[in-house]
Amino acid sequence: SAQDIAVVADRVNIDLLSGVASASGFLPPEINDQLRQYSLKGAFENLNISSSLANDELKTLALSSNVRAVAANSVGGSPNLAGIDGFVELEFDASTGIVSGVGEIESSNFSMNFPNIFSSTWDYGYVNGALDFMIDISDGQEIRLRSSVIVAESNAVDAHAQFASYLRRYPDGRRESELDLYVGASRLDGQQKNLYLPDGPNIADGLRNTMQWLDKAVLAGDVSNAGIIYRGSTLPGVSVELKTFQSYFEIEQGQLLFSEDWPEINDLSALVFTADNDVDVEIRGGRSLNLSLDGASGEVRQNLDDESWLSITGNVNGLTSDGLTYLQNAGVGENLKEEFSGWQVQGGFKMDVDVNIPLGVPDAETKVRLEMAVLENQLTLPEYSLTVSQLSGPVIFDTETGVEETSLSGNIFGRPANFILS
């Protein structure tokens, strides 16, 4: 026999209603399973339900309601959601096995987490957007979520985000799970950038190591014009070719620590790009121990042995005395530090820097090449009671070859002279 049922309520707890619906026996087992997995919490307000039954089986159902403080668990790569305020409308047709609907969100205490990709939960003080969803139980299970552009604001970030999630479970047990995630931020607190760096359980080790370095390297700063993209599978153990992560951001007034063996860069102005395991940093300006950086850059790459190396190249200029102080605080090796420890210098210099630093590579050593040019400096060597004026020429150091032989010119004892440094 056919029967139509209508329900109207001012307010109903969602978990209570889900429990009653599951216990009624009217819902298909697959829908009961979805309700159990998502473990919906919160409340319906101004609820309207209309349904039709035939032979004690649900044929159609339509629901519309305002929602308050709704939460849903992650299922197969879909996001954990909490603090949803807004409106929801859905329909179910047993003849097709499809549940479809739309949710509109405007919340002041919203949080979201993609647990397979990010360990951090994103908390927002304001969110506005919409979400389409579809569940198909006609042949296994297929779940699709697709958001509109979501406006999200918090103490850490002002952002726009959009995502699409797809989960398919075939009758034979095979699974597919895909995520497309796009986030653009006009403002991001540099100290909280780790929120948006992938570090979840399904992230490949190479990408995880790169993101850990980036999190430690950027100590602080004002981040703007930032963006991240994740596209691909969220299943564990899938090939790295089936997923990709890219990001971009600009940083001003930043602090950057390439390596614990090298001094911090302050007053940083830079562009940072990431593409899976690769990181590129373009430094537009900055200072380190009173030295000015000009045209410096850094990059992280994996070699053929899957080892990650950080390469730093650039130009440094300033007072030669500040340059020697910098070398005493840098990871250039004790031999070079001892070589220059007794030098007393007045004047200026320019230096080309080329540094390669292993990231988590056992027994690997940092490789350094410094090509310094001094111009009309005054050098005093107290150990030898010597003073050289108008000293000009190159000074080259390489960790593999030591201090290389170069020729410099200057005045000593009031006369011009040439000097061989080796």
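**A charged pair and what surrounds it**

Author: Let's start with glutamate 250, which forms a salt bridge with arginine 284; the closest N and O atoms of the two are 3.8 Å apart. The pair links distant parts of the chain, with glutamate 250 in strand 14 and arginine 284 in strand 16 (residues 278-288), 34 residues apart. Keep in mind that this is a predicted model. Arginine 284 is partly exposed, with a relative accessible area of 43%.

Now for the other salt bridges. The structure holds 19 of them. One joins arginine 168 to aspartate 139, and here the closest N and O atoms are 3.4 Å apart. Arginine 168 sits in strand 11 (residues 157-169) and aspartate 139 in the loop between strand 8 (126-136) and strand 9 (141-147), so this pair ties together parts that are 29 residues apart in sequence. Arginine 168 counts as buried at 13% relative accessibility, while aspartate 139 is partly exposed, with a relative accessible area of 40%. These two also belong to a network of salt bridges that links Asp139, Glu142, Arg144 and Arg168.

Another salt bridge runs between aspartate 215 and lysine 193, with the closest N and O atoms 3.2 Å apart. Aspartate 215 belongs to helix 3 and lysine 193 to the loop between strand 12 (175-189) and helix 3, so the pair ties together parts that are 22 residues apart in sequence. Lysine 193 counts as buried at 7% relative accessibility, and aspartate 215, at 30%, counts as partly exposed.

Next come the aromatic rings. A search of the whole structure turns up seven aromatic pairs. In one of them, the rings of tryptophan 213 and phenylalanine 258 have their centres 6.4 Å apart and their planes at 20°, so the pair is stacked. Why does this pair tie together separate parts of the chain? Tryptophan 213 lies in helix 3 (residues 205-217) and phenylalanine 258 in the loop between strand 14 (243-256) and strand 15 (265-275), so the parts it ties together are 45 residues apart in sequence. Tryptophan 213 counts as buried at 9% relative accessibility, and phenylalanine 258 is buried too, with a relative accessible area of 8%.

The charged end of arginine 174 sits over the ring of tyrosine 170, 4.1 Å from its centre. Lysine 367 lies over the face of tryptophan 309, at 5.5 Å from the ring centre.

The largest cavity holds about 190 Å³ of space. It is lined by 16 residues, and the closest to its centre are Ile265, Leu293, Ile312, Tyr326 and Val353. Strand 18 has the largest share, five residues. By class, the lining has 12 nonpolar, four polar and no charged residues.

The second largest cavity has a volume of about 140 Å³. Of its 13 lining residues, the closest to its centre are Leu188, Tyr196, Ala226, Gly227 and Ile228.

Last, the largest pocket has a volume of about 1200 Å³. It is lined by 44 residues, and Leu35, Leu40, Phe44, Leu63 and Leu90 are the closest to its centre. Its lining has 36 nonpolar, seven polar and one charged residues.

Conventions. Residues are numbered from 1 along each chain as its sequence is written. This is a predicted model: local features need pLDDT of at least 70, side-chain atom pairs count only at pLDDT 80 or more; totals for chains, interfaces and linings use all residues. Side-chain values use heavy atoms; hydrogens and water are left out. Rings of Phe, Tyr and Trp (its six-membered ring) pair if their centres lie within 6.5 Å; planes under 30 degrees apart count as stacked, over 60 as edge-to-face and the rest as tilted. Helices (H or I, at least four residues) and strands (E, at least two) are DSSP runs, numbered from the N terminus. Buried means under 20% relative accessible area, exposed over 50%, partly exposed in between (1.4 Å probe, protein chains only). A charge sits over a ring if NZ of Lys or CZ of Arg is within 6 Å of the ring centre and within 35 degrees of the ring normal. On a 1 Å grid over the protein atoms alone, a cavity is a set of points where a 1.4 Å probe fits but cannot get out, and a pocket is an open set with protein on both sides within 12 Å along at least five of seven lines; lining residues have an atom within 4 Å of a point. Grid points are joined across faces, edges and corners, and a volume is the space filled by probe spheres set on the points. Ala, Val, Leu, Ile, Met, Phe, Trp, Tyr, Cys and Pro count as nonpolar, Asp, Glu, Lys and Arg as charged, and the others, Gly among them, as polar. A salt bridge is a side-chain nitrogen of Lys or Arg within 4 Å of a carboxyl oxygen of Asp or Glu.
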